[in-house]
Amino acid sequence: MCETKSFYLWLLQVIALLGILALCLWLAMRPKSPNYTIVNFSIPGANTSNESDHGSIQYELDIENPNQDSGIYYDDIFLMFYHGEDKVGSKTIPSFYQGKDKTRQVIDQVDVETRFWTVLRKAIMNATAELRVDLSTKIRYNTWGIKSKQHGINREGKIPIGKDGKISNKKKKVKLRHASKKWKQRSTRFLLST
(Lines give C-alpha, C1' and ligand atoms only; values in the text may rest on other atoms or scores of the structure.)
Protein backbone atom coordinates (compact mmCIF):
# COMPACT_ATOMS: atom_id res chain seq x y z
CA MET A 1 0.00 0.00 0.00
CA CYS A 2 2.87 2.35 0.82
CA GLU A 3 4.53 1.70 -2.55
CA THR A 4 1.31 2.63 -4.36
CA LYS A 5 1.06 5.95 -2.51
CA SER A 6 4.66 6.84 -3.29
CA PHE A 7 4.15 5.94 -6.96
CA TYR A 8 1.08 8.21 -7.18
CA LEU A 9 2.94 10.98 -5.37
CA TRP A 10 5.85 10.63 -7.79
CA LEU A 11 3.44 10.66 -10.78
CA LEU A 12 1.73 13.80 -9.42
CA GLN A 13 5.11 15.53 -9.05
CA VAL A 14 6.11 14.65 -12.62
CA ILE A 15 2.79 15.99 -13.97
CA ALA A 16 3.14 19.20 -11.92
CA LEU A 17 6.72 19.66 -13.14
CA LEU A 18 5.67 19.15 -16.76
CA GLY A 19 2.83 21.65 -16.29
CA ILE A 20 5.19 24.28 -14.86
CA LEU A 21 7.66 23.63 -17.69
CA ALA A 22 4.89 23.98 -20.30
CA LEU A 23 3.74 27.26 -18.70
CA CYS A 24 7.30 28.64 -18.71
CA LEU A 25 7.79 27.68 -22.37
CA TRP A 26 4.47 29.24 -23.33
CA LEU A 27 5.33 32.49 -21.55
CA ALA A 28 8.80 32.60 -23.11
CA MET A 29 7.64 31.79 -26.64
CA ARG A 30 4.42 33.86 -26.71
CA PRO A 31 4.96 36.44 -29.45
CA LYS A 32 4.65 40.16 -28.80
CA SER A 33 2.58 42.48 -30.97
CA PRO A 34 4.44 44.59 -33.51
CA ASN A 35 5.14 48.27 -32.76
CA TYR A 36 4.02 51.02 -35.13
CA THR A 37 5.57 54.51 -34.98
CA ILE A 38 5.15 57.57 -37.21
CA VAL A 39 8.74 58.88 -37.20
CA ASN A 40 8.40 61.58 -39.84
CA PHE A 41 5.30 63.48 -40.90
CA SER A 42 4.64 66.59 -42.94
CA ILE A 43 1.97 68.34 -44.96
CA PRO A 44 3.92 70.34 -47.54
CA GLY A 45 2.40 73.55 -48.84
CA ALA A 46 -0.07 73.90 -45.98
CA ASN A 47 1.50 77.08 -44.61
CA THR A 48 2.04 78.92 -47.90
CA SER A 49 -0.16 81.67 -49.27
CA ASN A 50 -0.77 79.56 -52.40
CA GLU A 51 -4.39 78.51 -52.02
CA SER A 52 -4.46 75.27 -53.96
CA ASP A 53 -7.52 73.04 -53.74
CA HIS A 54 -5.62 69.86 -52.88
CA GLY A 55 -2.73 68.73 -50.73
CA SER A 56 -0.88 65.66 -49.57
CA ILE A 57 0.35 64.07 -46.37
CA GLN A 58 3.87 62.66 -46.37
CA TYR A 59 4.71 60.13 -43.69
CA GLU A 60 7.31 57.61 -42.59
CA LEU A 61 5.99 54.64 -40.64
CA ASP A 62 8.29 52.25 -38.76
CA ILE A 63 6.90 48.74 -38.26
CA GLU A 64 8.99 46.90 -35.67
CA ASN A 65 8.87 43.17 -34.98
CA PRO A 66 10.18 42.84 -31.38
CA ASN A 67 10.13 39.02 -31.46
CA GLN A 68 13.43 37.18 -31.61
CA ASP A 69 11.74 33.82 -32.22
CA SER A 70 8.84 34.72 -34.55
CA GLY A 71 8.47 36.25 -37.97
CA ILE A 72 5.21 37.99 -38.89
CA TYR A 73 3.02 37.63 -41.99
CA TYR A 74 1.00 40.83 -42.52
CA ASP A 75 -2.20 41.09 -44.53
CA ASP A 76 -2.78 44.44 -46.22
CA ILE A 77 -2.32 47.30 -43.73
CA PHE A 78 -4.97 50.02 -43.89
CA LEU A 79 -3.92 53.51 -42.79
CA MET A 80 -6.60 56.17 -42.42
CA PHE A 81 -6.07 59.83 -41.53
CA TYR A 82 -8.86 61.78 -39.82
CA HIS A 83 -9.29 65.47 -39.02
CA GLY A 84 -12.06 65.52 -36.43
CA GLU A 85 -14.57 62.98 -37.75
CA ASP A 86 -13.69 63.59 -41.41
CA LYS A 87 -11.53 61.03 -43.20
CA VAL A 88 -9.07 63.18 -45.13
CA GLY A 89 -7.16 60.32 -46.75
CA SER A 90 -6.29 56.64 -46.66
CA LYS A 91 -3.55 54.33 -47.86
CA THR A 92 -3.14 50.57 -48.21
CA ILE A 93 0.26 48.99 -47.60
CA PRO A 94 0.43 45.65 -49.48
CA SER A 95 0.88 42.41 -47.51
CA PHE A 96 4.42 41.30 -46.66
CA TYR A 97 6.53 39.06 -44.40
CA GLN A 98 8.73 40.57 -41.70
CA GLY A 99 11.63 38.56 -40.32
CA LYS A 100 12.58 38.06 -36.69
CA ASP A 101 13.63 41.18 -34.78
CA LYS A 102 13.44 43.39 -37.92
CA THR A 103 12.10 46.91 -38.55
CA ARG A 104 10.47 47.93 -41.82
CA GLN A 105 10.26 51.56 -42.92
CA VAL A 106 7.36 52.65 -45.08
CA ILE A 107 7.81 56.08 -46.68
CA ASP A 108 4.80 57.20 -48.66
CA GLN A 109 2.25 59.93 -49.16
CA VAL A 110 -1.54 60.24 -49.07
CA ASP A 111 -3.54 62.68 -51.17
CA VAL A 112 -5.89 64.75 -49.02
CA GLU A 113 -9.47 64.65 -50.23
CA THR A 114 -10.25 67.98 -51.91
CA ARG A 115 -13.39 68.75 -49.90
CA PHE A 116 -11.43 68.63 -46.59
CA TRP A 117 -8.23 70.35 -47.69
CA THR A 118 -9.36 73.94 -47.09
CA VAL A 119 -10.52 73.24 -43.51
CA LEU A 120 -7.36 71.29 -42.70
CA ARG A 121 -5.13 73.98 -44.20
CA LYS A 122 -6.81 76.71 -42.13
CA ALA A 123 -6.38 74.65 -38.95
CA ILE A 124 -2.68 74.15 -39.73
CA MET A 125 -2.16 77.88 -40.34
CA ASN A 126 -3.79 78.55 -36.93
CA ALA A 127 -1.60 75.84 -35.30
CA THR A 128 -4.73 74.05 -34.06
CA ALA A 129 -4.66 71.04 -36.39
CA GLU A 130 -4.57 67.52 -35.04
CA LEU A 131 -4.84 64.43 -37.20
CA ARG A 132 -5.75 60.98 -35.97
CA VAL A 133 -4.05 58.06 -37.67
CA ASP A 134 -5.85 54.72 -37.56
CA LEU A 135 -4.11 51.50 -38.58
CA SER A 136 -5.76 48.11 -38.98
CA THR A 137 -4.51 44.80 -40.29
CA LYS A 138 -4.43 41.08 -39.59
CA ILE A 139 -1.22 39.21 -38.81
CA ARG A 140 -0.01 35.63 -38.38
CA TYR A 141 3.06 34.72 -36.37
CA ASN A 142 5.55 32.19 -37.74
CA THR A 143 7.32 30.48 -34.84
CA TRP A 144 9.62 27.54 -35.60
CA GLY A 145 7.94 27.08 -39.00
CA ILE A 146 4.44 26.93 -37.51
CA LYS A 147 1.95 29.65 -38.46
CA SER A 148 -0.45 30.88 -35.81
CA LYS A 149 -4.08 31.83 -36.29
CA GLN A 150 -4.84 35.34 -37.53
CA HIS A 151 -4.77 38.17 -35.01
CA GLY A 152 -6.51 41.48 -35.68
CA ILE A 153 -4.45 44.61 -35.00
CA ASN A 154 -6.06 48.02 -34.48
CA ARG A 155 -3.88 51.00 -33.52
CA GLU A 156 -4.38 54.74 -33.42
CA GLY A 157 -2.42 57.87 -32.67
CA LYS A 158 -2.98 61.60 -32.54
CA ILE A 159 -0.59 63.85 -34.46
CA PRO A 160 -0.46 67.51 -33.39
CA ILE A 161 0.54 69.63 -36.38
CA GLY A 162 2.38 72.94 -36.11
CA LYS A 163 2.23 75.92 -38.46
CA ASP A 164 5.08 74.43 -40.48
CA GLY A 165 2.94 71.38 -41.34
CA LYS A 166 5.10 69.01 -39.25
CA ILE A 167 4.66 67.19 -35.94
CA SER A 168 4.61 69.80 -33.18
CA ASN A 169 5.25 67.71 -30.06
CA LYS A 170 8.69 67.50 -28.43
CA LYS A 171 9.52 63.94 -29.43
CA LYS A 172 8.65 64.41 -33.12
CA LYS A 173 7.47 60.78 -33.15
CA VAL A 174 4.02 59.33 -32.60
CA LYS A 175 3.67 55.76 -31.38
CA LEU A 176 0.41 54.15 -32.43
CA ARG A 177 -1.37 52.58 -29.45
CA HIS A 178 -4.29 50.21 -28.96
CA ALA A 179 -7.43 51.63 -30.50
CA SER A 180 -10.55 52.58 -28.56
CA LYS A 181 -13.61 50.32 -28.61
CA LYS A 182 -15.41 52.75 -30.92
CA TRP A 183 -12.57 52.51 -33.45
CA LYS A 184 -12.37 48.71 -33.16
CA GLN A 185 -16.03 48.42 -34.12
CA ARG A 186 -15.58 50.81 -37.06
CA SER A 187 -12.43 49.06 -38.33
CA THR A 188 -13.99 45.63 -37.98
CA ARG A 189 -16.81 46.74 -40.27
CA PHE A 190 -14.23 48.22 -42.66
CA LEU A 191 -12.16 45.00 -42.76
CA LEU A 192 -15.26 42.86 -43.32
CA SER A 193 -16.37 45.04 -46.23
CA THR A 194 -12.99 44.76 -48.04
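Visitor: Which residues form the nonpolar patch on the surface?
Guide: F7, Y8, W10, L11 and I15 do, and together they have about 560 Å² of accessible area. Keep in mind that this is a predicted model.

Visitor: Where does I15 sit?
Guide: I15 is in helix α1, which covers residues 2–29.

Visitor: And is I15 buried or exposed?
Guide: I15 counts as exposed because its relative accessibility is 52%, and the cut-off for that is over 50%.

Visitor: OK, other aromatics. How many aromatic pairs does the structure hold?
Guide: There are six aromatic pairs. One of them is Y74 with F96, a stacked pair at 4.5 Å centre to centre, with 25° between the planes.

Visitor: Where are Y74 and F96 in the chain?
Guide: Y74 belongs to strand β3 (residues 70–74) and F96 to strand β6 (residues 96–98), so the pair links distant parts of the chain, 22 residues apart.

Visitor: What else touches Y74? I'm curious about P34.
Guide: P34 is in contact with Y74, and also with E64, P66, I72, I139, Y141, I153 and R155, leaving aside neighbours within four places in sequence. P34 lies in the loop between α1 and β1 (35–42), and it counts as buried because its relative accessibility is 2%.

Visitor: How far apart are the C-alpha atoms of P34 and N65?
Guide: They are separated by 4.9 Å, with the two residues 31 apart along the chain.

Visitor: Switching to the core. Which residues of the largest nonpolar core touch the most other members?
Guide: F41, I43, I57, L61 and F81 do, out of 36 residues in that core.

Visitor: What does F41 touch?
Guide: Not counting residues up to four places away in sequence, F41 touches I57, Q58, Y59, F81, L131, I159, I161, G165, K166 and I167.

Visitor: F81 again! Which other residues does K87 touch besides F81?
Guide: K87 touches M80, Y82, E113 and F116 as well as F81, again not counting residues up to four places away in sequence.

Visitor: Where's K87, and how accessible is it?
Guide: K87 is in strand β5 (residues 86–93). With a relative accessible area of 28%, K87 is partly exposed.

Visitor: What separates the C-alpha atoms of K87 and V133?
Guide: That separation is 9.8 Å, for residues 46 apart along the chain.

Notes: Residues are numbered from 1 along each chain as its sequence is written. This is a predicted model: local features need pLDDT of at least 70, side-chain atom pairs count only at pLDDT 80 or more; totals for chains, interfaces and linings use all residues. Side-chain values use heavy atoms; hydrogens and water are left out. Patches are made of residues with over 30% relative accessible area and no salt bridge: like charges are joined within 9 Å, nonpolar side chains (Val, Leu, Ile, Met, Phe, Trp, Tyr) within 5 Å. Accessible areas come from the Shrake-Rupley method with a 1.4 Å probe; for residues, only the protein chains shown count as cover. A salt bridge is a side-chain nitrogen of Lys or Arg within 4 Å of a carboxyl oxygen of Asp or Glu. Helices (H or I, at least four residues) and strands (E, at least two) are DSSP runs, numbered from the N terminus. Buried means under 20% relative accessible area, exposed over 50%, partly exposed in between (1.4 Å probe, protein chains only). A nonpolar core is a set of buried Ala, Val, Leu, Ile, Met, Phe, Trp, Tyr and Cys residues joined through side-chain atoms within 4.5 Å. Contact means heavy atoms within 4.5 Å. Rings of Phe, Tyr and Trp (its six-membered ring) pair if their centres lie within 6.5 Å; planes under 30 degrees apart count as stacked, over 60 as edge-to-face and the rest as tilted.
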